Each structure stands twice: as structure tokens, then as C-alpha cells.
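Here are some brief notes on the model. They cover backbone angles and aromatic contacts.

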Amino acid sequence: MRFHIHHNWYKLGLNKEKSITIKNLDKKRELFNIYRINNDKLFIKENYFQFYNSTFAIINDKGQLYDTLEYRLPIDYVIVTKNANITINDINRNFEFKEIIADASNSNFKINMWKNELSEKNNKLYNTKENGAWVLDLK
């Protein structure tokens, strides 16, 4: 597979991959899969990333989720952003997760709706509006 990709790049006149640091990423493309991060502790692909041994999914649109799946993707943390029009059932249908992180771009109405749904399922929701920055202890 990799040979096929490189062959196509050469045919198009591209002769090397571009490695950049995260701080230099264009904000609108910071999780876009065209960038290759030169860091062996971080892997990014579309709206998923892994940092050390923790895995994350960033969901900002229901179009990123599936209605039916054969199995759920095991992921540690689901970050919900941009007031995504989703339910906890949508997330549960797609992921086996430890915690949902709702960032401050979500409305209080949506966050409260998710909290109510989660209280029935014994899952955790971290609300950055109420609790401030979410911090992962890597120890």
C-alpha cells in the first residue's frame, strides 16, 4: 500500500512528506489528515488521535457517527465540540468510552441534555464550562 501511495506522489511531483510541529498548524486544519506530525507520542488521523496510550475522538457533527455498526470502537475519551447535534445514544452506538468531554463551545441546553442521558447509563461527562480545563494525568 505504501509503495502505491509514494508512486502516486512521485507521479504528481511530490517527493517528500511534510513534517511540522503542532504549534505551526493552521487552526482550521489542525486535525486534518494531510499533516504528518513528527512526534512518536502523538498520532492524528481525521477526527481521532492518540496521545501516548490514551485515545480520543472529536465529534462536532452527527455526520461523523454511524447509525448502525457491527461493533463499537473502543476509545478512551470522546470530545464533543461545536454544539454537535448528537445524543448520548449516538455516541454509545459508535464508541465504548471512559468519559465524554464537552467543551465550552456547546450550549448549556445540550450539555444538560447529555448529562441527563448519561446519568441513566452511569457514564461520565466532563463539562469544561463548569469545571475548567480537562487535564489528563500521564503518570
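**Notes on rings and backbone**

1. Trp-134 has a relative accessible area of 22%, so the residue is partly exposed. Buried means under 20% relative accessible area, exposed over 50%, and partly exposed in between (1.4 Å probe, protein chains only). The model is predicted: local features need pLDDT of at least 70, side-chain atom pairs count only at pLDDT 80 or more, and totals for chains, interfaces and linings use all residues. Residues are numbered from 1 along each chain as its sequence is written, and side-chain values use heavy atoms, with hydrogens and water left out.

2. The whole structure holds six aromatic pairs. Rings of Phe, Tyr and Trp (its six-membered ring) pair if their centres lie within 6.5 Å; planes under 30 degrees apart are stacked, over 60 edge-to-face, the rest tilted. One of the pairs is Phe-51 with Tyr-52, edge-to-face at 4.8 Å centre to centre and 85° between the planes. Phe-51 is partly exposed at 29%. Tyr-52 is partly exposed at 41%.

3. Tyr-77 and Trp-134 also pair edge-to-face, with 4.8 Å between centres and 65° between planes. This pair links distant parts of the chain: Tyr-77 sits in strand β7, Trp-134 in the segment after α4 (128–131), 57 residues apart. Strands (E, at least two residues) and helices (H or I, at least four) are DSSP runs, numbered from the N terminus. Tyr-77 is buried, at 10% relative accessibility. Phe-49, Phe-56, Tyr-77 and Trp-134 form one aromatic cluster.

4. Check phi at Glu-46: near 50°, positive in a non-glycine residue. Glu-46 lies in the loop between β3 (42–45) and β4 (48–51).
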